[in-house]
Amino acid sequence: MKKMLSVLLAALMMVSLLAVPALAEDQVLTVVTWDATTTPYLTAQKEAFEASHPGVKIEYIDVDAADWPTKAPSILAQPNDKSDVFMIKEIDQLINWQAQGYAAPLTDYIDGYDMSGFLGTEANYAVDGVQYAIPFRSDFWVLFYNKDLFDAAGVAYPTNDLTWDQYAELAKKLTDKDKGVYGTHYHTWLSTVVNWAVCGTDYTLADGKYDNLLYFYKLYQDLEDSGACMAYDELKASGLKYAAAFENGNVAMLPMGYWLVSTVIGDIKAGNASLNWGIAAVPHADGVAAGSSFGNLTGAMISAKSEQKDLAWEYISWLGGPEGAKATASVGARPAWVSAEVADVMASVDGFPADENSKGALLPASVAMEWPVADKVADIKTIVNDEHSLIMAREITPEEGIEEMNERVAELFN
Amino acid sequence: MSQAKVKKARYRMGRMERKNTLIAYSFLAPNFIGFAVFTLVPVICAIALSLFEWNGGDISKLRFVGLENYGTIFAVKKVAEKGLGYFFNRSDLGISLRNTVVYTAVTVPLTIVCALALAILLNKIRGAMAFRTIFFFPYVSSMVAICVCWSFMMMRDGPINQVIMFLGINFNKSWTADSTMAMWAIILVSVWRNMGYYMVLYLAALQGIPRELMEAATVDGANKWQQFRNVTLPQLKPTTFFVSVMMVISCFKIFDVVAIMTDGGPGRSTKMLVTYIYDEAFTKIRYGSASAIAMVLLVIVLGVTVIQFSSEKKFSND
Amino acid sequence: MESVVHTREIRKDNPVLRAVLRAVIWIMLIALAAVTLIPFAWMISSSLKLDREVFAFPMRWIPETFHWENYAQIWERVPLLTYFKNTAFIAVVVTILQTLTSSFAAYAFAKLNFRGRDFLFLCYIGTIAVPWQAYMLPQFIMMGYIGLYDTPWAMVALQAFSAFGVFLIRQFYRSIPTELCEAARLDGLSEYGIWARIMLPLSKAAIATLVIFTFVNTWNDFMGPMIYLTRDENKTIQVGLRRFIQQYSSDYHLIMAASLCSLLPVSVVFLFLQRYFIEGIATSGLKG
């Protein structure tokens, strides 16, 4: 009898051991994204979503941003991959993934989903009229500046209406070699130097003609020669991060994507940096409206192999919609969903510069896409980047590089 | 012997043979299964895949295209139009082939000279084990750590440029950001890392040279240089041949140093064959053309190996 | 002729000249050793500095103050311990599997007669010459179907069954006289017994070479983990170190400290077992 009892007890314990975790287990949604540990809005989104959806947990699969172009397709290519949601870094990646059958069409879900707040940007994620992803962040570029350095040099802060020539002048004025102060800073990307050519015009970098870039290469090389910015080759070899460069406090201006706002706010809050800063609209070319900028869209799609597509839809629709937008904006990132309410949240973020000028910079006159959706855009990117790196390393002159770009891109198409 | 006995013996032999074969297979199986699944099948698939177009996605998207991928990577249409110069100066395959060949052509002799010099110096001193360990050490240290260390040292204000400036040469760029110096940076790191390994091979070969040969040369009145040229070098010929073949093969497979130090840049100036394969396969997701490039690599490496096998007799001592 | 012999004798008998020659060789060796070790010295020196001191001009080999806290910092910032554990796990499993299965298969190839032996061996030899980079893509696709992507087992599968190991051990087994096996067979030992009691103990040196080769190669492998491992908790020290470099790209001092840590385990293994390693290369002349 005793023996029976103990066996029964043991069996009961076994059952309860098996049953309890099964009951309490949360639904876990796997989201593949980049730099999750260092991107504040991802943390904010996760917290807000989990708070409003009890019983659901978000698990990020974190890929280094630099590895994203190779890692994300590798994960998608796994036949047994169980990830539910993939974030979209570049629009053309989604187009590829759709063609490869990795993206689940949102047709069944999209009926009745309000997309008015995306101001038409969601169309970038549609192929043949079928929506494949929802945008949740829409970044445009602004000019960050260090108020302390402007004050120290006795120079007025940049306004929201600045031409590129005025900007270059300003950068030289602020440079102080003795104190190691640079007037401005260019990160090593292509976009920091020449993407300005697409602002406020119909021109895109996939058009195959690159003569428009000459002005910006000349402008850059003039600044580098005069010591108003750190040399490209040094930055390339050291891999200095733009956030670190700005937060170190020896760079007066920095044209950069809006996403840096949340990083700077976060780092100042955490005590990793201390500086007085502001944002202004990026400079504009002559004949282009002030406040014209370029930018990029970030979104999320549901993996075709996901086994919980309904839940995944719940997540990405929330992420793009007004609630997710508030979470995104709460740490200083700019959501794709634009409304008065969200703009208020953006401006009232603790740590956002309080001046009117910075607030004014939140409303760009126009935002062109950094890269358009176009045929062979991945190959064009490679070519333009190749030649760009040679121009920047002073291996070839800008004129030579631009001619190479024109020729090589033309060769792609005939 | 009667018929029946022979039959019985044959039967027993057959059974034994079968039993032996079974035992042999049981020895082979653990390795062979892994080997077949993870090496043999992929090798065969690689050849086949180069004849297909597959840009990722489900396996049903596989489409047979024959030699089209080869046509694309060799830029056949353009070459027919603009001549061979187009292939080597503009096409990705041509440039990465050219870079790989340049890298190999400089690295192999440089490594051989360094390895041989070290081996000869070490051979003169009995019991200099510590030196052998030191020279060999870079070979076992991890690529990522030493590559990042070297690229820091080759930075604009790094110690190497400080020395160069001290010598009166005006060079103030980071090596990896300059298209000529980037190649040299990669070569330098490769030579530095591998010389110890080949030094060991040379050392063994040097110690294998019969003492009598040397003594005979000395008796004949040869001075040190003549002794080296007429006795040591010819005796080292098989080793040198073997070492060069191995090094050519491993040079054609270079990836790590490039991936960590330059990522193929600036521009395409350090883009190598394997860098190109990696890019096509994992970034551009063009499995077909990636496999076609892989076949180019395969043909080159196999070609070198065949040369080695066929001339082994010519160079062997006996 | 006579004069030549004469000078030779002078040279041979001249202790001063000989001593000078020896001194010159020693000085050259020391100089070359110093050049070889400079990157490591610089690594150590930089790892103990503040980041702004790393590229100070003129450079100081010995830091003004030693910042040992750099080493404490890196352990806080990256899961180095996880990376080490993963690498050690993969390296140990690969080494054990590789050695066991190779010596097993090598025995069949070297000492047993069976149908298809030469053909199978040809398959092995043939693939040694095929560079891994030529078939890494189909292998990658296949691993995906098996479901090994982003698991340490992908690395094990990748490295544990190399044809090279079989070839190395087989060459060694062939040098062991077949009569030994015959005698053992007559004594009633099974083939497994012969392998375990005779071949294994006799091939210690070759196995030691294979063990250390496999271990070092697996530990230092970069391209494999780069392709296959994604999640931080699965990464090996090489790709983990690369991630650290990407994340803290301008913290030169910390990167150097982390790099140095990544070198340590394999350096210790090498220093203790270098005899097998170096002599193994010298005798087999083969590269893993």
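## Parallel strands in chain A

In chain A, strand S1 (residues 27–34) and strand S2 (residues 56–63) run parallel and are joined by eight bridges. Strands are counted as paired if DSSP finds at least two bridges between them; helices (H or I, at least four residues) and strands (E, at least two) are DSSP runs, numbered from the N terminus. Between S1(A) and S2(A) the chain passes through helix H2 (residues 40–52) of chain A, a right-handed β-α-β crossover. Right-handed here is a path from the first strand over the helix to the second that runs clockwise, with the strands pointing away from the viewer. A:Thr33 has A:Asp62 of S2(A) opposite. S1(A) is also joined by two bridges to strand S3 (residues 85–88) of chain A, again parallel, and A:Val32 has A:Phe86 in S3(A) as its bridge partner.

## Basis of the model

The model is predicted: local features need pLDDT of at least 70, side-chain atom pairs count only at pLDDT 80 or more, and totals for chains, interfaces and linings use all residues. Residues are numbered from 1 along each chain as its sequence is written, and chains are lettered from A and ligands numbered from 1 in the order in which they are written.

## Two aspartates with positive phi

A:Asp35 lies in the loop between S1 and H2 of chain A. Its phi is positive, about 50 degrees, although A:Asp35 is not a glycine. A:Asp35 counts as partly exposed because it has 16 C-beta neighbours inside 10 Å. The classes are buried for 20 or more other C-beta atoms within 10 Å, exposed for 12 or fewer, and partly exposed in between, with C-beta atoms placed from the backbone.

A:Asp128 also has a positive phi, near 50 degrees, in a residue other than glycine. The loop that holds A:Asp128 is between strand S4 (126–127) and strand S5 (130–131) of chain A. A:Asp128 has 5 other C-beta atoms within 10 Å, so it is exposed.

## Buried elements of chain A

Strand S6 (residues 133–146) and strand S9 (residues 277–281) of chain A run antiparallel, with five bridges between them. A:Asn146 stands opposite A:Trp277 of S9(A). Five of the five residues of S9(A) are buried, so the strand is largely enclosed by the rest of the structure.

In helix H14 (residues 322–329) of chain A, the buried residues are A:Gly324, A:Ala325, A:Ala327, A:Thr328 and A:Ala329. These pack against H2, S6, helix H13 (309–320) and helix H15 (340–347) of chain A. A:Leu213 lies in the loop between helix H8 (190–194) and helix H9 (214–225) of chain A, and counts as buried because it has 26 C-beta neighbours inside 10 Å. Beyond four places in sequence, A:Leu213 is in contact (C-beta atoms, placed from the backbone, within 7 Å) with A:Val194, A:Ala197 and A:Ile402. The C-alpha atoms of A:Leu213 and A:Val194 are 5.7 Å apart, and the two residues are 19 apart in sequence.

## The largest nonpolar core

A nonpolar core is a set of buried Ala, Val, Leu, Ile, Met, Phe, Trp, Tyr and Cys residues joined through C-beta atoms within 7 Å. The largest core has 295 residues, of which A:Val142, A:Phe144, A:Ala300, B:Met199, B:Ile293 and B:Leu297 touch the most other members. Helix H9 (residues 179–207) of chain B gives the most to this core, 17 residues. Residues up to four places away in sequence aside, A:Phe144 touches A:Phe246, A:Met253, A:Leu254, A:Met256, A:Leu260, A:Trp277 and A:Ile279.

## Chain C and its contacts

The contact between chains C and B takes 69 residues from chain C and 74 residues from chain B. Helix H14 (residues 252–284) of chain C gives the largest share of the chain C side, 13 residues. That side divides into 50 nonpolar, 14 polar and five charged residues. Ala, Val, Leu, Ile, Met, Phe, Trp, Tyr, Cys and Pro count as nonpolar, Asp, Glu, Lys and Arg as charged, and the others, Gly among them, as polar.

Towards chain A, eleven residues of chain C are in contact with 16 residues of chain A. Helix H6 (132–146) and helix H13 (237–247) of chain C are the elements that give two or more residues to the chain C side. By class, this side has two nonpolar, six polar and three charged residues.

Notes. Two residues are in contact if their C-beta atoms, placed from the backbone, lie within 7 Å.
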